[in-house]
Amino acid sequence: MVTANFRYVVFAIILILVIALVGFFLSNVEAFLGYGVWIIGLIIFLLIISNFDVIITLVDYQRLVIYRFGKVNRVGGPGWTFVWPGIESYTQVDLRTKTIDVPKQEVVTKDSIELKLDAVIYLKVKKDHQSVVNSVIEVEDYVEASKLFVVASLRDVVGSMELSGVISNIESINIKVKQNLENISKHWGIEVESVEIKDVQIPETVLEAMHEEKAAVQQKLARMERALAHKAEIEAVKEAASGLDNNSLTYYYIKAMEQMSKGKGSQVYFPAEFAKLAGAFAGVGPAKGDSNSKELNEAKELLKEYVDKAVKKSELKQASKNKSTKKKSTKKKTVKKKVKKKKK
């Protein structure tokens, strides 16, 4: 466009010429008639330049598509471009990348879930002259056309997928929509740099259901892991127990009795014959190296008999305690009855 400074310069030149012309006319009428035609023509030319866009200054990212009598004649820019007033017109084109914000769209997925998608488009006009011309004559408004097409393409692509597929394949959706836009705009003279989905809004109820499902899956996996660990523990104990001999089993039996005796009021007494069994475990005496010797077997039988007697003895003590408590309660009842009779 013609700059304001340029217009001011032209106006100043015209004003100076008019003042000089009036002074020259007053001083010499005959000379004025000879040169007046040229002076008037110069003034008219300067007026045209000042009032019409004849000389247009374009920066590096601007181009002009210039028409002469309605037909594309050339592409102007960058720099100064001359346009003949009255017979030529023009359309300005910007070559910078445009950021087109696609408004939020409500899209229904294949599994009937309504989503809100927010997308953005990055595109620009190519720098070659034919692309600049095509961006004007092949499409009325390539920005609006691209926006509307992306909206329709998003609904088509997302509508053919389920919610889980949409969430996990955002990048593939972007690529597919970009390819669709490139296919339709290949004659528009534009380059589609990217199409990006900025945001996917999922309904709150669906989000809560997804979280509950995820928690249930995690709990199931945890229970499975605990079951497998317990199974491995049982298998390990089974494998270890299968390799134990009689000496080892007896040793663990004694350790169990030792743990039992640690409680309050619990005592375990071993007879003198138990020394033979201890000697067998220690490898001292005739039972050394022979787990099935006579003395070891006798000691085992003795230990078993002692444990059984101790168990029976504890049971008898408990029974006697119960009887004594019952007798006391009955005595108290009889005493109360006698006291009542005496009072009567």
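Trainee: What percentage of the 344 residues of the chain count as buried?

Mentor: In this predicted model, 26% of the 344 residues count as buried. The chain has ten helices and eight strands. Residues 24 or more positions apart account for 64% of the contacts with a separation of 6 or more.

Trainee: What makes T81 buried or exposed?

Mentor: Buried means under 20% relative accessible area. T81 has 7% relative accessibility, so T81 counts as buried. T81 lies in strand β4. Leaving aside residues up to four places away in sequence, T81 touches V54, I55, I56, L58, L64, I66 and G76.

Trainee: How do you know that the side chain of T81 makes a polar contact with G77?

Mentor: The cut-off for a pair of N or O atoms is 3.5 Å. A polar atom of the T81 side chain lies 3.4 Å from the backbone nitrogen of G77. G77 is also joined to P78 by a cis peptide bond, with omega about -10°. P78 is in the loop between β3 (71-76) and β4.

Trainee: What makes the phi of F69 worth a remark?

Mentor: Phi of F69 is near 55°, a positive value in a residue other than glycine. F69 sits in the loop between β2 (62-68) and β3. With a relative accessible area of 67%, F69 is exposed.

Trainee: Where is S112, and what is its phi?

Mentor: S112 is in the loop between β6 and β7. Phi of S112 is near 65°, also a positive value in a residue other than glycine. Its relative accessible area is 63%, and S112 is therefore exposed.

Trainee: In what order do the three strands form the open sheet?

Mentor: The order is β6-β7-β8, with antiparallel pairing. β6 (98-108) and β8 (190-201) are at the edges because each has a single partner strand, so one side of each is left without a neighbour in the sheet. Neighbouring strands of this sheet are turned by 20° against each other on average, direction ignored.

Trainee: How do you know that β6 and β7 pair?

Mentor: Two strands pair if there are at least two bridges between them. Nine bridges join β6 to β7 (residues 114-125), and the two run antiparallel. T99, for instance, has Y122 in β7 as its bridge partner. Helix α6 (residues 170-184) packs on the sheet, touching β7 and β8, and its direction makes about 145° with that of β8.

Trainee: How do you know that the length of α6 agrees with its number of residues?

Mentor: At 1.5 Å a residue, the 15 residues of α6 should span 21 Å, and the end C-alpha atoms are 22 Å apart, which agrees.

Trainee: Which residues of α6 are buried, and what covers them?

Mentor: The buried residues of α6 are I173, N174, V177 and L181. They cover an arc of only 100° around the axis, which puts them on the same side of α6. E171 and N183, on the other side of α6, are exposed. The cover over the buried residues includes β7, α4 (142-159), α5 (163-168) and β8.

Notes:
Residues are numbered from 1 along each chain as its sequence is written. This is a predicted model: local features need pLDDT of at least 70, side-chain atom pairs count only at pLDDT 80 or more; totals for chains, interfaces and linings use all residues. Side-chain values use heavy atoms; hydrogens and water are left out. Helices (H or I, at least four residues) and strands (E, at least two) are DSSP runs, numbered from the N terminus. Axes are lines fitted to C-alpha atoms, for helices over the stretch in contact, and angles run from 0 to 180 degrees between N-to-C directions. Contact means heavy atoms within 4.5 Å. Buried means under 20% relative accessible area, exposed over 50%, partly exposed in between (1.4 Å probe, protein chains only). A polar contact is a pair of N or O atoms within 3.5 Å; within protein, one must be able to donate a hydrogen and the other to accept it, and residues adjacent in sequence count only if both atoms are side-chain atoms. The expected span of a helix is 1.5 Å times one less than its number of residues. The arc is that of the directions from the helix axis to the C-beta atoms.
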